[in-house]
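Hi,

Here is the structure I promised to pass on. Have a look at it first, and then read my notes below.

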Amino acid sequence: MIPKINTPGTRTIGLLAYLYGPGKHEEHTDPHLVASFDTLSPDPGRDTAATLKDLQLLLDQPVQALPPHQRPRRHVWHCSVPAAPDDRTLTDDEWAHIARRLVAATGIDPGDGDAGCRWAAVRHADDHIHIIATLVREDGRRPDDYRSGKRAQAECRLIETDLGLTRLNAGDGTAARRPTTAERHKADRTNRERTAREELREAVRRAVAGAENEAEFFDRLAAAGLLIRRRAAPSGDLLGYTVALPEDRNQHGDPVFYSGSKLAPDLSLPRIRRRFTATGLEARPGGDRKGRTELRPARSPSSARRTAADAAWSAVLVIDQGEDGLVAGQLSAAGEVLDALATTSAAHTRRELREAAATFERASRSHIRAERHHDRALRRAARDLVHGGPALGRGEDGASTAMAIDMLFFLALAAANWHAKHHHAQQATAARQAADHLRAAYRNAAGPPLGALYQRGRRLARPLRMQQAAAVREAVPQLAERVLAEPGWHALAATLTDAQQAGHQPTALLTEATRRRELDSAESVSDVLVWRIRRLADLPAAATSTPVTGVSLPSTAVRTAKTPNQQEGRRRTR
């Protein structure tokens, strides 16, 4: 359960009318009290003689007892407590127990003889309750509700354990703000799948991915169709910005603007500037007279994806072995690569890549300050992806996409392990979920290119396939039988032959491809080795039409590859 404490309100009767009313969409059923500061509190939901006014006067009594000039204007405290979707339906007694623990933990009614505030817990649905309180204690003082939100979260983690409910991960204050209830209802009314806040967050993240400077960042925001307001100091220096969707209006018809920091902590202008000043990406040739970078393709989509695969693999090694600040910088930049890849992906991978980018967003931030000076490769890869334009999804574009996704999958797993070691529970979960989406995207992307390599591997001469099998047994004896039994073995054999034609030693490549990173988490070891070897040997990601059946091999290698029975048969023939 995730308790949400709202900004204090001014009218007790107004909140009670909502809690006991039908709801904005007739979703409230059987509203009633489950607990309160006094067991004799009136319940307008089930007591026909009780009214909302009776309950309001009872709750407001300590406030009204103060002199008018001492009464706090915003005196109505409100906390909603939803159960997790997979939790069982709790009884009224269990919700009452939860409410009492939360008002004690947050300082609203601490108990143990200490004066508390007046409060009531209302249930109008199976899966949540609302707690309303007035922020004046019985002795006329203000309650000690400092950081009550964090205290409520901590208490809910204990409640989940005690009641056998779904254990949610503890937060660290670096998550993006969730949409409010009003924003979700507005999205429902306007038939939008996501709230304006969520759409703007994605749009701003895409605009910052690989951007060279502020000018390019704001140009991308404008190109995305967003309304932009810049906030400047009297000196003219830019202090911040806000964005809005053109169609998202308030009751007066004005656009609803959100500042970058309200979308996510790392989307404020000062935090975005750190990316620009630390990495200093070079501008591509071309631009206007104001020095703004011209948004034109500088690389092909396939070469941009090869660059992303190289950068992702290097980042995996940093995450495994680097200092915390360096790792935090790599994870932030990896989020940019995922945003850029999702923006330029083909239709058959776009949905899963967008989900991966949106999910990994939570894993790209923690309390560890990111060192930005070593994330140049990933930020440049994001920039190349954006400037390279959309990929076609077939041929070299499709194969290089599969290669990049494969490397990013292992980056997400490395991020999950790193966050878990640092007890960043939410980030570790987000990274694992992003890896799941990347795995699904990989399946969609890898089928055609691996299928072509498979067919080429099936056509290899038998002595050549046996030579490549011998190389696998020599380089990775612990994985050899698993690799040779996988359907992807033929694609790997074709890849090793391509590398051999290019002048590489298959055994050396296999050793290099397996020595730096585990393969236990791979669904298909042979698939992973295909992409790693094609990247290491600088081979085209897609299968070429060059015949491979006629590769000349040393006669000793051919004889070594033959089985004893074949050699015995040859002697008998002679």
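Which residue in β5 does V122 stand opposite? V122 stands opposite H130. Before I go on, please keep in mind that this is a predicted model, where local features need pLDDT of at least 70, side-chain atom pairs count only at pLDDT 80 or more, and totals for chains, interfaces and linings use all residues. Residues are numbered from 1 along each chain as its sequence is written, and side-chain values use heavy atoms, with hydrogens and water left out.

The overall picture: the protein has 22 helices and eight strands. Helices (H or I, at least four residues) and strands (E, at least two) are DSSP runs, numbered from the N terminus. Of its 574 residues, 51% count as buried; buried means under 20% relative accessible area, exposed over 50%, and partly exposed in between (1.4 Å probe, protein chains only). Among contacts (heavy atoms within 4.5 Å) between residues at least 6 apart in sequence, 73% join residues at least 24 apart.

Back to β4, which covers residues 117-125. This strand is mostly covered, with nine of its nine residues buried. It has a partner in β5 (residues 128-137), antiparallel and held over six bridges; two strands pair if DSSP finds at least two bridges between them. A hairpin of two residues connects β4 to β5. Strand β2 (residues 32-36) also runs antiparallel to β4, joined to it by four bridges, and there S36 stands opposite A120.

Six bridges link β6 and β7, and R229 stands opposite T242 in β7.

V256 sits in the loop between β7 (238-244) and β8 (258-259). Is V256 buried or partly exposed? V256 is partly exposed, because its relative accessible area is 21%. Leaving out residues up to four places away in sequence, V256 touches K186, V243, A244, D248, R249 and N250. Its C-alpha atom is separated by 7.5 Å from that of L245, 11 residues apart along the chain.

Now a helix pair. Helix α3 (residues 92-105) and helix α4 (residues 148-163) pack at an angle of about 150 degrees, with their axes 9 Å apart. Axes are lines fitted to C-alpha atoms, for helices over the stretch in contact, and angles run from 0 to 180 degrees between N-to-C directions. On the α3 side the contact is made by I98, R101, L102 and A105, and the residues from α4 include R151, A152, E155 and C156. By class, this contact of α3 with α4 has eight nonpolar, no polar and four charged residues. Ala, Val, Leu, Ile, Met, Phe, Trp, Tyr, Cys and Pro count as nonpolar, Asp, Glu, Lys and Arg as charged, and the others, Gly among them, as polar.

Last one: S526, in helix α20 (residues 525-536). Why does S526 count as buried? Because its relative accessible area is 0%. The S526 side chain makes a polar contact of 2.7 Å with the side chain of E486. A polar contact is a pair of N or O atoms within 3.5 Å; within protein, one must be able to donate a hydrogen and the other to accept it, and residues adjacent in sequence count only if both atoms are side-chain atoms. Not counting residues up to four places away in sequence, S526 touches V483, E486, G488, W489 and L492.

Cheers
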